[in-house]
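Hi,

Here is the structure I promised to pass on. Have a look through it first, and then read my notes below.

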Amino acid sequence: MRDFKDVVRRTLVRRNLPAARETEIVEELSEHLEDRYRELRARGTPEDRADREVLAELDATDLTAYVARLPSAPGPVPIGGGSRASIAGGLLQDLRFGARLIARERGAACVVVATLSLAIAANTIVFAFADLLLLRPLPLANIDRLVAVYSIQAQNTDRQPDSIPDFVDMRSATQTLERMSAMTRQPVSMTGAGEPRAINAAYVTANHFRVWGVSTVLGRGFLDGEDAHGHEGVAVLSHHFWKTQFNGAESAIREAVTLNGRSYAVVGVLTPAIEIGNISQTDVWVPLEIDASARRDELSLAVFALRKPSASLEATQAEFRALAEGLQKEHPATNAGRQYRVLSGRDATVGGSTWIILALLAVVVGLVLVVACANVATVVLSRASARHQEIAVRIALGATRARLVRQFVVENLLLGIASGAVGLLLAYGGLSAFKALSTESYFQFLQINANLLAFVVALSIAAPVVFGVGPALQASKPDLNEDLKGGGRDGAASVRGGRSRSILVVAQVAFALAVLVASGLIVRSVVALEHVPLGLDAADMLTMRVRFDPPGYTADAQRFRTIESILDRLSAAPGVAAASASRHLPIIDGEPSRRFAIAGQPLPEAKDLPWAFEAAVAGEYARAAGVGLLDGRLWRPEDRASGWGVAVVNREAARRYWPARSPIGEHVTMTDADGRPTGDPLTIVGVIDNVIAAPEAPPPPRIYRPLAVRPMASVVFLIRTAGDPGVAGPALRSAVREENRDLAVSDLRPFSDQIASELRTQNLIMAMFAAFAAIGFVVAIAGIYGVTAFAVTQRRREISVRLALGASAAGMARLVMGRSLRLIVIGAALGLGGAAALGSAMRSVLFGVPATDPLTYAIVVAVFTIGGLTATYVPARRVTSFDPAAVLKRE
Amino acid sequence: MQHIKPKGIDRELKKGSAELLILSLVESRARHGYELCKLIEARSGGVLTFRAASLYPLLYRLEDRGWIQGRWVEKAGQRRRRYYKLTPAGAGVLASQRSTWREFVDAINRITGGEHA
């Protein structure tokens with residue numbers, strides 16, 4: 001009997017039916033023909049006649065007519081070159097075929113789209129930050145030549161403002177800069193327009209807007225000379241302030257604002273484009289009068305300048321290095337170690353640690369993308385392996401390798417575009433959530449714009465194409481002999497594919513593990529930051545700021561009388577347990593660092609004098625702030641008689657400067673930077689517990705002095721509430737109102753809220769790292785699962801043979817798992833190496849946790865072990881449900 | 001109709017009635033293609049025969065329309081075969097085709113039988 005299968009197949013072959021349909025038809029028809037042949041032979045028909053009759057069964061137009069109407073699958077394969085039109089047509093055909101394949105293999109497509117879209121979303125979100133911080137044009141016309149000049153202290157690189165005398169010296173000495181402007185910001189009381197309120201004023205030199213290159217939307221900026229001493233007050237409003245305070249009326253420029261009792265004529269309104277970052281907090285701009293006699297150790301000015309067109313940034317930097325050295329020699333007491341740092345306008349708008357965080361985020365999401373792409377490549381390879389017979393047939397029929405690769409690439413492209421669309425939606429959701437949660441007004445400018453869309457499109461095209469070409473090249477090079485024989489499921493092609501898949505799994509595990517460790521370290525840092533003991537009791541504490549500005553308050557004695565009176569009213573208010581006043585809000589506001597001399601000790605050089613942060617407090621500070629008074633006392637009314645010549649030091653100051661003895665009864669004298677005494681000796685009367693100054697630093701030495709000595713225009717009241725802080729709030733406000741209706745009250749809120757919002761940005765950054773790490777982990781686990789499941793399917797015949805020969809199912813499951821687990825272990829080892837490198841690179845942003853934190857490493861390894869075991873166990877368990885007889889029969 | 005040679009039955013008539021034949025034969029139970037061929041030949045006393053090349057496209061067409069459903073079945077001691085069974089939709093079509101066919105045959109009979117009456 002001849003091979004009727006072959007006969008039928010030859011009848012159908014030119015029709016290019018979908019492989020599965022063709023197989024069915026061939027099997028069914030050939031069985032029919034065999035039945036017929038046997039029957040004819042059983043009736044005694046001679047072989048050759050039976051053969052002829054059976055072949056005649058196929059001799060009808062019905063079959064070919066029917067088959068012709070069936071949708072043909074892999075399309076007619078163009079052999080050789082082909083015209084442009086046929087190439088375009090072929091591409092369209094590839095697209096159609098690709099779409100059909102994807103629809104058919106929905107599961108695999110879903111895995112690819114899910115993993116790739118997550119990775120694309122993560123990258124898009126980070127790109128949105130980069131776009132906001134680096135790419136989007138700043139609304140400053142002179143951005144190309146604009147520079148900012150900061151002071152830095154030799155031992156750390158924190159950017160600090162400049163002192164007024166330094167600014168004056170720089171301005172007269174520079175050869176490379178043509179205009180220099182300065183700005184300092186300060187809250188002021190605005191009166192005369194409804195409720196008195198505290199607003200933010202920016203004091204700028206008259207040329208400032210011209211240096212920045214910003215324009216007004218109404219009126220004009222400042223004119224030269226308007227910042228001169230004795231000039232009448234003029235003000236430029238910020239756009240948002242003009243809108244809210246003057247309802248955007250053009251008549252605003254004929255009006256005046258009263259700031260700290262002084263009247264300023266409004267001359268212009270600034271463009272809204274400038275309202276980015278912390279500049280958006282400024283309500284009103286007024287001229288800054290440069291007073292060259294100001295202190296050289298008070299760093300208060302933000303200095304900007306325009307580079308001369310002939311001078312490079314490097315030349316300016318070199319000039320300012322020399323300038324700093326000159327000033328160091330001239331003013332050693334104040335300028336020792338002070339250098340200047342000249343940054344381009346672009347760099348100046350991005351904070352120093354922002355760069356590191358951004359770079360780190362980019363690395364993390366980049367690795368996540370690599371993991372996702374490796375996953376895509378794995379799926380492509382697995383599908384290619386499963387399709388090797390189809391591919392072999394197509395090559396045998398004359399398809400070129402380029403044509404096959406194109407087909408694969410087109411399929412990946414479709415998946416990439418789908419992933420890009422989903423990823424864009426996810427990124428939009430992520431960015432919206434970030435904007436809703438962030439308190440930073442700057443981040444409200446995060447948006448999906450043309451840059452971002454271009455990025456997503458590029459990513460969704462490039463990633464799948466780049467990662468699809470390799471597998472496609474491999475898949476399009478099948479061993480025709482092996483593959484065409486059929487049943488070659490365990491054949492050479494899958495062995496070759498298997499090696500690539502193994503490499504991809506190892507890579508996925510390695511990258512995902514590195515990402516997880518890096519993110520784990522960030523999370524641990526932020527958690528450590530949150531758990532730093534503050535030193536005070538933030539719960540049930542309300543704070544509010546009150547300004548004592550002129551003209552109502554001009555003399556310190558008068559200010560202090562009002563503060564004492566308010567403290568009395570507050571203490572009597574319902575729900576208040578203790579009230580105190582302070583010059584600075586602890587932890588949130590920075591306090592000045594002062595040097596002092598200890599009586600009875602040899603006087604060292606000015607730069608080696610003891611130092612401490614200087615706090616000024618009044619009222620029941622220890623009780624109100626919840627800081628333990630360790631020894632001695634705070635102020636008493638009798639201290640007024642001694643001219644408030646008393647001080648309290650904190651535990652850290654006592655430890656440093658009076659080791660092994662009590663500082664109580666000791667005398668200290670506050671000095672200026674040159675070591676000259678600035679007042680009478682103070683008697684130390686108490687020791688109070690430490691309060692931190694910033695979460696990332698240990699508590700500094702602090703010296704507390706009576707607020708009465710030098711009350712400032714702005715005072716913070718700290719109130720310990722007895723019950724619900726919300727109840728006490730209105731009572732506090734009315735206590736101030738009763739004292740004086742013209743006092744501007746602001747920032748009345750729980751202290752814990754302010755601490756939380758200080759940490760909000762860090763928490764958001766932590767959440768981003770955690771989310772990206774989770775994505776990387778999920779994608780890698782999905783990859784491990786996919787590869788193991790595929791291996792089980794591919795090797796079912798081999799496994800069935802072994803089972804039939806007596807191997808135990810559990811043993812087979814172990815065999816399958818063992819292979820995957822070996823890959824995981826190799827990947828994990830490489831990943832740990834990568835994580836160590838990444839960790840040491842990010843040391844500067846870590847807090848309270850070493851780069852080699854064993855706990856982080858242990859947790860990550862444990863998570864991966866559990867995830868990896870699950871991802872291999874679930875598919876491997878399928879082995880136990882194999883029926884070797886059924887599998888072997890079917891194959 | 002005796003003088004019409006069986007093999008010469010008009011193509012169209014055969015094609016139209018072929019659907020009815022198949023649907024009727026798979027009504028009681030599922031049958032495979034070769035079985036259908038043998039049954040048609042046997043029950044028609046050899047008047048009607050189908051070649052594989054005609055039968056299977058017809059089966060596939062009926063299946064595409066959802067009137068019958070083919071399924072690979074492996075019975076003990078036999079090789080795997082594709083069995084076709086009538087679907088609910090097919091049962092509806094069969095009922096209507098049967099009544100149409102009866103009306104047609106009755107009409108023909110009334111015309112052709114009238115002269116004998």
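One thing before anything else: this is a predicted model, so keep the confidence values in mind as you go. Chain A has a mean pLDDT of 83, and 89% of its residues reach 70 or more. Two stretches need some care. Over residues 72-85 of chain A the pLDDT stays under 50, and the model gives that stretch 23 contacts beyond four places in sequence. Residues 485-494 of chain A are also below 50, with 23 contacts in the model beyond near neighbours in sequence.

Now the overall picture of chain A. The chain has 891 residues, and 41% of them are buried. Its secondary structure comes to 27 helices and 22 strands. If you take the contacts in chain A between residues at least 6 apart in sequence, 82% of them join residues at least 24 apart.

Five of its five residues are buried, so to speak for the strand as a whole, it is mostly covered. A:Arg702, A:Tyr704 and A:Pro706 point one way from S20(A), while A:Ile703 and A:Arg705 point the other way, and all are buried.

Which strands pair with S20(A)? Strand S15 of chain A (residues 611-619) runs parallel to S20(A) and is joined to it by five bridges. Strand S17 of chain A (residues 646-650) pairs with S20(A) in the antiparallel sense, over two bridges. A:Ile703 is a handy landmark here: A:Glu614 stands opposite A:Ile703, and A:Val649 stands opposite A:Ile703 as well.

Next, helix H9 of chain A, residues 239-246. Its buried residues include A:Phe241, A:Trp242 and A:Gln245. These three sit on the same side of H9(A), because they cover an arc of only 100° around the axis. As a reminder, an α-helix has 3.6 residues a turn, so residues three or four places apart point the same way. What covers the buried residues of H9(A)? The cover includes three strands of chain A: S6 (234-237), S8 (262-270) and S9 (284-287).

Why does A:Val54 count as buried? Because A:Val54 has 25 C-beta neighbours inside 10 Å, and 20 or more is what it takes to be called buried. Leaving out residues up to four places away in sequence, A:Val54 touches A:Leu33, A:Arg36 and A:Tyr37. With A:Arg36, the two C-alpha atoms are separated by 6.6 Å, although the residues are 18 apart along the chain.

Finally, the place where the two chains meet. How many residues are in contact there? On chain B there are 12, and they are in contact with 13 residues of chain A. On the chain B side, the elements that give two or more residues are helix H2 (33-43), helix H3 (52-65) and strand S3 (81-86) of chain B. H3(B) gives the largest share, seven residues. By type, the chain B residues that touch chain A divide into six nonpolar, two polar and four charged.

Over to you!

Definitions and conventions
Residues are numbered from 1 along each chain as its sequence is written. Chains are lettered from A and ligands numbered from 1 in the order in which they are written. This is a predicted model: local features need pLDDT of at least 70, side-chain atom pairs count only at pLDDT 80 or more; totals for chains, interfaces and linings use all residues. A residue is buried if 20 or more other C-beta atoms lie within 10 Å of its own, exposed if 12 or fewer, and partly exposed in between; C-beta atoms are placed from the backbone. Helices (H or I, at least four residues) and strands (E, at least two) are DSSP runs, numbered from the N terminus. Two strands pair if DSSP finds at least two bridges between them. Two residues are in contact if their C-beta atoms, placed from the backbone, lie within 7 Å. Ala, Val, Leu, Ile, Met, Phe, Trp, Tyr, Cys and Pro count as nonpolar, Asp, Glu, Lys and Arg as charged, and the others, Gly among them, as polar. pLDDT is the predictor's confidence in each residue, from 0 to 100. The arc is that of the directions from the helix axis to the C-beta atoms.
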